[in-house]
Amino acid sequence: LWRNHPPLAPPPAGGVSMASLHNLCASLWPTARALALYFGPLLLGIGAAWLIERSAIRTHSRGPRVSDAQANALHALNLALTLLLPCAYSYWGDLSYGAGIVLLLLACTLFMKLTSWAHAHHDLRLANAEALEESAAQSPPPPGATHDFSSLAATISRFATDVQHTESAAHYPHTVTMPRLLYFVFAPTLCYQEAFPRSPSVRPVYVLSLLLRGLVMCLIIVFISVQMIHPLLRNSEPAVVARDMPKLLERLIKLALPVTYVWLAGFYVFFHVWMNLLAELLRFGDRLFYKAWWNAVTFEAYWRLWNLPVHHWIARHVYFPALRKRLSKAAVGFIAFTVSAVFHELVIALPLKSGHMPLAFLAMMAQVPLVAVSAAINARVAGTPFAQLGNYLFWIAFCFLGQPAAVLLYYVHCTGVLYH
């Protein structure tokens, strides 16, 4: 993952001397430094998010150490550092493409999780303050009282008597604990809630089957990439240099099938194998990570169905808050697409050092008019023998135009074919 890693020297025959120990430590230092820079901002972001919420807790016995406005400002600063530091390290650091993509995937995921943590606890703080005020108005505590009446928990319990909890019945502020935050960080969801559905136990046979399926699919991805995609890209170099458009079109058509195979296999590995593996190990009960996006007849349906954790996060923390600001649905939809496009660009462009070529961002934003066009086409052909026309257009746009062209353009950029 890290370039220019010095090789470890073999130990001397007579044992380990101080000089050899010094050489060993010196050779391990780049890896230790890279690991600290790699995961340090992420771990600090988790700890800071917990400390901010612990400091903002208000009870009958004491007020909050930080006000609600201060907590929101601290959360915003923490979120900015959690995302920007890995972005800077990925762009200016000496990371390989794979390590940079992994780092930014983790950073973007943690940024979305901590955003949900901050938004949810902002609402919980307001509800807790309202419940405390209501409780104080009904039965003021005696002077010098130091106990917590758990007013929010009592208020919630009045409206949740018929709900069967699958976790403990604890409510805010008793849920602001590091174990709960860590569970949420590792759980296959981006939206925080006080209690998650839990499965009764871990099934070892199912875990083993997921590991085997993931291994097989990863080998298939590597085989197709090395044996099919890379030779086609190498053979495309003369056409790229000569600007031979007919030849480039032929290369794109040949790239369409192997790139589609890798895309589908990657989707299966991540959204089915990896997400279910995390859910099984953590006994996470909600296993709906995608729906039948392959049958989508509009681009809007595809983006709603293919990545449900991100869709739910955008709906909860971007779409509906923007609607409450009385923006139009068209404007809110454009904002949601822009947020998604920015995350795609961060994950892909920064590790490839292609910030001057925002291909992922432009590809995402180009789908905004396609959403309207596909919806209009679907409205016209619905209920006719051509009702699946939108699905054909979706597969053509993604598999024969968009993805092969993106792979070829990024290959040209990374290899510098045009400058050799």
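This is a predicted model: local features need pLDDT of at least 70, side-chain atom pairs count only at pLDDT 80 or more; totals for chains, interfaces and linings use all residues.

Mentor: Residues are numbered from 1 along each chain as its sequence is written, and side-chain values use heavy atoms, with hydrogens and water left out.

Trainee: How many Å apart are the end C-alpha atoms of helix α14?

Mentor: Helices are DSSP runs of H or I with at least four residues, numbered from the N terminus. The expected span is 1.5 Å times one less than the number of residues, so the 27 residues of α14 (389-415) should span 39 Å. The value in the model agrees: 38 Å.

Trainee: Is W293 buried or exposed?

Mentor: Buried means under 20% relative accessible area, exposed over 50%, and partly exposed in between (1.4 Å probe, protein chains only). W293 has 1% relative accessibility, and therefore counts as buried.

Trainee: What kind of aromatic pair do F394 and W395 form?

Mentor: Rings of Phe, Tyr and Trp (its six-membered ring) pair if their centres lie within 6.5 Å; planes under 30 degrees apart count as stacked, over 60 as edge-to-face and the rest as tilted. W395 is partly exposed at 22% relative accessibility. The ring centres of F394 and W395 are 5.3 Å apart and their planes lie at 65 degrees, so the pair is edge-to-face.

Note on methods: Helices (H or I, at least four residues) and strands (E, at least two) are DSSP runs, numbered from the N terminus.
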